[in-house]
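Subject: Structure handover

Hi,

Here is the structure I promised to pass on. Have a look at it first, and then read my notes below.

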Amino acid sequence: MPRYLTLVHIDEQNLPADAPDPGFDQRMGELFEEITRAGVMQETAGLAPTAEGTRLTWSGGKVGYTDGPFTETKEVVGGYSITRCADKAEALEWAKRFLEVHPESWHVSVEVREIAED
């Protein structure tokens, strides 16, 4: 079965000021438990803020380093998961369910891509 990388995109400059509703952690925990029991979840994690990151670029035959935060970037990767699904449709369904757990006032997007493996 193919593996899929789901990248969770957030706008680090406009994170919600309000805390999630009291049931958020429980709903997320239940979803993660379900996806793990189904044998789909391989790995998942949130990422530290870009203020703690460094970007490396290759240009003109030289490596450049830029320390975060990356304020010129509207959306950044705030977390990821690696899942093993029967097909892309299944991966998209799990990603949709992940988004639906979040409060309606939050803006979160995900990108689902199959991992190329030989």
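One term before we start: a residue is called buried if its relative accessible area is under 20%, exposed if that area is over 50%, and partly exposed in between. By that count, 29% of the 118 residues of the chain are buried. Please keep in mind that this is a predicted model.

**The overall layout**

You'll find 2 helices and 6 strands in the chain. Reading from the N terminus, the order of the elements is β-α-β-β-β-β-α-β. The C-alpha trace spans about 45 × 45 × 20 Å along its principal axes. If you take the contacts in the chain with a separation of 6 or more, 77% of them come from residues 24 or more positions apart.

**The two helices**

Helix H1 covers residues 24–37 and helix H2 covers residues 88–100; their axes come within 10 Å and cross at roughly 165°. An angle over 145 degrees counts as roughly antiparallel, and H1 and H2 are therefore roughly antiparallel to each other. The crossing of H1 past H2 is right-handed.

Which residues in H1 and H2 meet? From H1 there are Met28, Leu31, Phe32, Glu34 and Ile35, and from H2 there are Trp94, Arg97 and Phe98. Sorted by class, this contact has 6 nonpolar and 2 charged residues, with no polar ones.

**An aromatic pair**

The structure holds 1 aromatic pair. Its partners are Phe24 and Trp106, which sit 5.5 Å apart centre to centre, with 45° between the planes, so the pair counts as tilted. Where do the two partners lie? Phe24 is in helix H1, while Trp106 is in the loop between H2 and strand E6 (109–114), so the pair ties together parts that are 82 residues apart in sequence.

Start with Thr6, which is found in strand E1 (residues 3–10). Its relative accessibility is 7%, so Thr6 counts as buried. Setting aside neighbours within four places in sequence, Thr6 is in contact with Gly79, Tyr80 and Ser81, with Ala95, and with Val110, Glu111 and Val112.

Then try Leu56, in strand E3 (residues 54–59). With a relative accessible area of 52%, Leu56 is exposed. Not counting residues up to four places away in sequence, Leu56 touches Val63, Gly64 and Tyr65.

**A peptide bond to check**

Most peptide bonds are trans. The one from Gly68 to Pro69 is cis, with omega near 10°. You can find Pro69 in the loop between strand E4 (62–67) and strand E5 (76–84).

That's what I have for now. Happy browsing!

Terms used: Residues are numbered from 1 along each chain as its sequence is written. This is a predicted model: local features need pLDDT of at least 70, side-chain atom pairs count only at pLDDT 80 or more; totals for chains, interfaces and linings use all residues. Side-chain values use heavy atoms; hydrogens and water are left out. Axes are lines fitted to C-alpha atoms, for helices over the stretch in contact, and angles run from 0 to 180 degrees between N-to-C directions. Helices (H or I, at least four residues) and strands (E, at least two) are DSSP runs, numbered from the N terminus. Angles under 35 degrees count as roughly parallel, over 145 as roughly antiparallel, 65 to 115 as roughly perpendicular and the rest as oblique. A crossing is left-handed if the near helix is turned anticlockwise from the far one by less than a right angle, and right-handed if clockwise. Contact means heavy atoms within 4.5 Å. Ala, Val, Leu, Ile, Met, Phe, Trp, Tyr, Cys and Pro count as nonpolar, Asp, Glu, Lys and Arg as charged, and the others, Gly among them, as polar. Rings of Phe, Tyr and Trp (its six-membered ring) pair if their centres lie within 6.5 Å; planes under 30 degrees apart count as stacked, over 60 as edge-to-face and the rest as tilted. Buried means under 20% relative accessible area, exposed over 50%, partly exposed in between (1.4 Å probe, protein chains only).
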